Structure formats: structure tokens, C-alpha cells
Amino acid sequence: MALSLYVDTARWRAHQKTVIDQFPGLIPVCKGNGYGFGHERLADEAARFGADMLAVGTTYEAAKIKDWFGGDLLVLTPFRRGEEPVPLPDRVIRSVSSVDGVHALVGARVVIECMSSMKRHGVREEELQQLHAAIEDVRLEGFALHLPLDRPDGTDAVEEVIAWMDRLRAARLPLHTMFVSHLRAEEQARLQQQFPQTRFRARIGTRLWLGDHEATEYRGAVLDVTRVAKGDRFGYRQQKAASDGWLVVVAGGTSHGVGLEAPKAMHGVMPRAKGVARAGLATVNRNLSPFVWAGKQRWFAEPPHMQVSILFVPADAQEPRVGDELVAHLRHTTTQFDRLVER
């Protein structure tokens, strides 16, 4: 019995096609844990819909995925002098975010990142003139802009790209290809219309693989059910049961990513209030699990174990049975499943 990822393959692929149709020249992104599907599966999907390039996070990922994907591989993490050398084929393209990095990659295929309002990494406007000599020794695939997801100050993503296009053009740098991230389809279309001689290529991961939430579902199998009465002690720490009910052992623990949560940006009073409430409950060992039974998310009876979680289901709910599967609301990018089930 396992933590399973169920995939409605027809629906999932229909969503992929919708995104691909909206973004001509799309470059699928396959990084981290492969957005919950795994690198091999996403490489197969990218090859299936005819992608000529696949973006990966690191050189280590490129070294693995090169055996599963025959097209070009774009490494998104920028090159740094002194990094550990990883043997890679010529079809691997390196991202570079400094003039020094370009100088260090003689003969390599490179994409040069420009410093966007993300302020994460990239060459700056005052460095553009220095790129002229540097790019003579590399095979320049284009420039790139990684843009923010939210713009609370009301700035316009298209205007930010246009401003960089103007800077690159004023510096007499080639503008045959611009790689972009986090643009809407209509925004990319506006740019393509304004700059018909430049090819805009969107690097997309989350929207492509996880954009249709109804196409996938995690489920954990019930492994054991034990009835407890109020006051009974249980578990590693021998806590007392708060009321009558069942201890339900379900597949899915910390090794799967259950109980692990990345920080979230919260906007508005209500989300912040809920966050404070959750933190307060956690101090008294009340933590809501991602598992759903009888229409409700159930509480962890104790912190999740390595491969299983123990939930508390109160006596007024239906008793779970061994072999039942509980839907689990898990974040794809932090979850490792035991098996994938095509539907």
C-alpha cells in the first residue's frame, strides 16, 4: 500500500496543449523533483509534444536528463567560476549572469540573463558595453529575463521587457532570441508583434505541468486502524487521546514530503489571521494533516513518521477501513510518490 499520484492523463495532456498553443516556442521546465512527476516522466512528455529544448535547474539535473531527452538542455542556474565541473554534451546551454561568466565559457553555448526587477541575478545596464568582446568567444543563444509573479506597484511586465530590449539594441547586441519567464500569453503576443525580428521563448513549468488542479490527485492508503478511548496513551511520545475515536495509519510520511511546508507570501487580513491561528494550534500539538476523510481534513495524532502518518478520526465520523484511500492535499514540488497511476 502506498502514497499514490493519480493522473487523468487525457485531461493533463489537454491542458498541456492549451498552454503550448498559447505560447509559441515554449520551453518546458523540468527541475527540482520534476514538479512531482519526476524528471524521466516530464522528459518523455516534452519529447512527446515535440519540444526542441528542455530547461532544467542545475548541471546535475542536466547530466541525468540528457539520457532521457534528445534535444537541447538549458541549465537555468547561472554559471559561476569554480563550480564543480560536470561532464555534459554540446547540446547543453548554460545560463550566465555576469560578464566574467561569459569570459569563462569560451566556446560554450550561452544564454545571458539580464537583471530584472526580481533583483536576483543578471548583467546590469552599465555592463552591456563590456559584453561585446565577451560574446565573440561564445555561441550566444540569446538573452533572458526572469520576471516577478506579482507587481503590487502596478508596473507593467511588457514595459520592463521593452526597456531591456531598448538597452540591448542601444548597446548593439544581437536580439534574435529573448527567453522570458512569467509573462501572460497576451503579453508575449504584444512583444512579438512589436519586435517581429526577435523570437520570444517562454520558459514555463508550473503553469504547464500543474495548471489544471483537477487532472491530478494524491491519495494515501490506510494501513491500520486502531480504536482508542479518551485518555488512552499512544504513539512515540505516549500522548493521551483527547476523545474517543480511531488512530488511522496512512501511507505518506516525511520521506514523501508529508508535513513539510514551504513559507508562503500572505496578502490580506484573513490569510494572516489563519496563519496566526495555525501557529497557535501547533504550539499545543494540534497540526492539521493534508489527508481528507469523510469530507474533512483530519488532524495529525502526532508528527508524521518517515513513511506513514498517524491521524486521529473522532468517533462521530465514519470508521476508515484498511485499504481505503484518503485524498491528500500535497504540494507537488515537495512530494515524492510511491507509485503513479494513470487514469
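How many salt bridges does the structure hold?

## Salt bridges and basis of the model

The structure holds 23 salt bridges, a salt bridge being a side-chain nitrogen of Lys or Arg within 4 Å of a carboxyl oxygen of Asp or Glu. This is a predicted model, in which local features need pLDDT of at least 70 and side-chain atom pairs count only at pLDDT 80 or more, while totals for chains, interfaces and linings use all residues. Residues are numbered from 1 along each chain as its sequence is written, and side-chain values use heavy atoms, with hydrogens and water left out.

One of the salt bridges joins Asp100 to Arg81, with the closest N and O atoms 2.8 Å apart. This pair links distant parts of the chain, 19 residues apart, since Asp100 lies in helix 4 (residues 99–104) and Arg81 in the loop between strand 4 (72–75) and strand 5 (92–96); helices (H or I, at least four residues) and strands (E, at least two) are DSSP runs, numbered from the N terminus.

## Two domains and their contact

The domain assignment, which is automatic or taken from a database, gives domain 1 (8–210) and domain 2 (216–342). Their C-alpha centres lie 38 Å apart, and the contact (heavy atoms within 4.5 Å) takes eight residues from domain 1 and 11 residues from domain 2.

Between them the domains bury about 780 Å², 49% of it on carbon and sulfur atoms, where buried area is the accessible area (1.4 Å probe) that two parts lose on being put together, summed over both. On the side of domain 1, Asn33, Gly36 and Phe37 lose the most area to domain 2, together 50% of what that side buries.

## The salt bridge between the domains

The count between domain 1 and domain 2 is one salt bridge. Arg41 also forms a salt bridge with Glu342, their closest N and O atoms being 2.5 Å apart.
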